[in-house]
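Please go through the model below together with the report that follows it.

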Amino acid sequence: MKKQTPPRSIRALGLRRRLGKIQLPVALGMTLVWMMLFDGFRLRPESLGLLVLGFLVSVAIMLVFPLPPIKPGFRFWPVRGVWMIVYIAWKMFVASFQVTAQVFTPGTVHSSVISVKQRTGSDLMLVCTAIVTTVIPGSVIVEVGQTERELFVHVLGADTDEKVRRAEQDVRALEELLVRGLGTRADIAELEEALASGEGRV
Amino acid sequence: MTVLWIVIAVALAVAALLGTARLFMGPSILDRALSVDVLIASAMTGLGAYAAFHQDPTLMPTLMVLALLGFTSSVSISKFVARRPEEYAPPRGTTDETGTGSQQNAPGKEGS
Amino acid sequence: MSEVFVQVLDWIAVLCLLAGALLTLVAGIGLIRFPDLLSRMHTAAKPQVLGLLLVLVGLAIRLVPVETNVFNAGTLALVGLFQIVTIPVGGHIAARVGYRSGRIQQDLLVHDALADRLAEKERAQEAERQEEEQARERAEHQEGRAQEAERTEQ
């Protein structure tokens, strides 16, 4: 059956290509979101139906809106990942109070735009670092140089060289944390290499 | 405890008022977009506080919609500004392009 | 569930909500107080992330003793997740458009790495453009000479 159905029309070809584009991990992730949305984790008769329906809906979404795969991919390292989340939450907490203190300090606030070069080649890590840097108060991404792998960060209240250097170190520490928590083996190897060659140190 | 609830309500109301003040004052359109963002954030906080006070989970979908769509206003306004910067502010000497494209494809955009 | 336990939960929830509301208030004050767009952006990001997360935690704690049908803590976690993922999008685009269209005050920036980079790029482009112009001029010149030659032939 299978070998005697070459794609006869363009339509069939398109359908086949689209079916090939379904990525199982992404579909499972969408099912998880669906379950969280409708409280599917409580044990009750509807839970199984919700699971199946959620999976079908996510497959339908991927058929209608096919997206390119996440190329380098990621993998969650449990211990490092949890440590990463705790660290980011703590950093967010501390930085919020710093910005609050900044608001109530009289006088004009001087800031800086710093450039931080990334040490890994993965686009996903670049995006993650940019998101986390923006989410933490006190630093906003102004510009991303994708080919140069460079982030331009606006840092609130960085008016001395010392503070500029510390902000740069913070972003680098975040990148290292993210790569160790979410990066693939290749990413981590790249980071270690950069660290070993001393290029990454500020 | 009632006092704390009142403090929460007053703080949110003052925050929304200050946001509205910036909305009126804001020298450029991006400042106004930013103050709309803050207004949305305070609306979400207010809805959360309301739901918590009444212990009423029916407002959660509203919170979710705001969380998903709250950023679209500032993005669309920024895109609008990026297309025609000269009307709202004098272009800075060093900026070559309008800022629509990313750095890499900026030179390719000269034809448009 | 004992009475005391519910009361302790209520107090924790109210304190979380209070912290979130105060962060929003600080954002409002910062919005008025800071002089330029980029520094205002910092205060605006704060209630959107930490303030909202605190409010969501407070709301979840407050809803513990209540029987809910469909929406529960999972929904709240999703709200927080979506907010964290979408906030940087708006913030980044607004910041970059603000920077590139000159809505920043250079005197407030102590150290500006991006301006140097943009100036460099500008110079490179300028050189490229000049080269192109020269090439075009040369071509025009040659064309003109060719036409001249044609005319003389006629």
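## Model and conventions

This is a predicted model, in which local features need pLDDT of at least 70 and side-chain atom pairs count only at pLDDT 80 or more, while totals for chains, interfaces and linings use all residues. Residues are numbered from 1 along each chain as its sequence is written, and chains are lettered from A and ligands numbered from 1 in the order in which they are written.

The model has an ipTM of 0.77 and a pTM of 0.78. Where pLDDT is low, the predicted coordinates should not be read in detail.

## Chain C: layout and dimensions

Chain C holds four helices and one strand, in the sequence order α-α-α-β-α. Helices (H or I, at least four residues) and strands (E, at least two) are DSSP runs, numbered from the N terminus. The chain is split into domain 1, residues 3-110, and domain 2, residues 111-154; such bounds come from an automatic or database domain assignment. A distance of 52 Å separates the C-alpha centres of domain 1 and domain 2 of chain C.

The C-alpha trace of chain C spans about 110 × 40 × 20 Å along its principal axes.

Of the 154 residues in chain C, 47% are buried. A residue counts as buried if 20 or more other C-beta atoms lie within 10 Å of its own, exposed if 12 or fewer, and partly exposed in between, with C-beta atoms placed from the backbone. Contacts (C-beta atoms, placed from the backbone, within 7 Å) between residues at least 6 apart in chain C join residues at least 24 apart in 69% of cases.

G98(C) is part of helix α3 of chain C. This residue counts as buried because it has 28 C-beta neighbours inside 10 Å. The C-alpha atom of G98(C) is 7.5 Å from that of L37(C), although the two residues are 61 apart along the chain.

## Contact between chains C and A

On the chain C side 39 residues are in contact with 36 residues of chain A. Two or more residues each come from α1 (3-33), α2 (37-62), α3 (73-100), β1 (109-112) and α4 (113-153) of chain C. The largest share, twelve residues, belongs to α3(C). By type, the chain C side has 24 nonpolar, ten polar and five charged residues. Here Ala, Val, Leu, Ile, Met, Phe, Trp, Tyr, Cys and Pro count as nonpolar, Asp, Glu, Lys and Arg as charged, and the others, Gly among them, as polar.

The two chains also share strand pairing, which requires that DSSP finds at least two bridges between two strands. Strand β1 of chain A (residues 111-117) runs parallel to β1(C), with three bridges between them. In β1(C), L109(C) is the bridge partner of S111(A), and H111(C) stands opposite S112(A).

## Surroundings of β1(A)

β1(A) also pairs within its own chain: six bridges link it in the antiparallel sense to β3 of chain A, residues 150-155. F152(A) in β3(A) is the bridge partner of S115(A). Six of the seven residues of β1(A) are buried, so this strand is largely enclosed by the rest of the structure.

## Chain B

Chain B has four helices and zero strands, running α-α-α-α from the N terminus. Buried residues account for 34% of its 112 residues. Among contacts in chain B with a separation of 6 or more, 42% are between residues 24 or more positions apart.

Q55(B) sits in the loop between α2 (29-54) and α3 (60-69) of chain B. Its phi is near 50°, a positive value in a residue other than glycine. Q55(B) is partly exposed, with 15 other C-beta atoms within 10 Å.

Terms used:
Contact = placed C-beta atoms within 7 Å.
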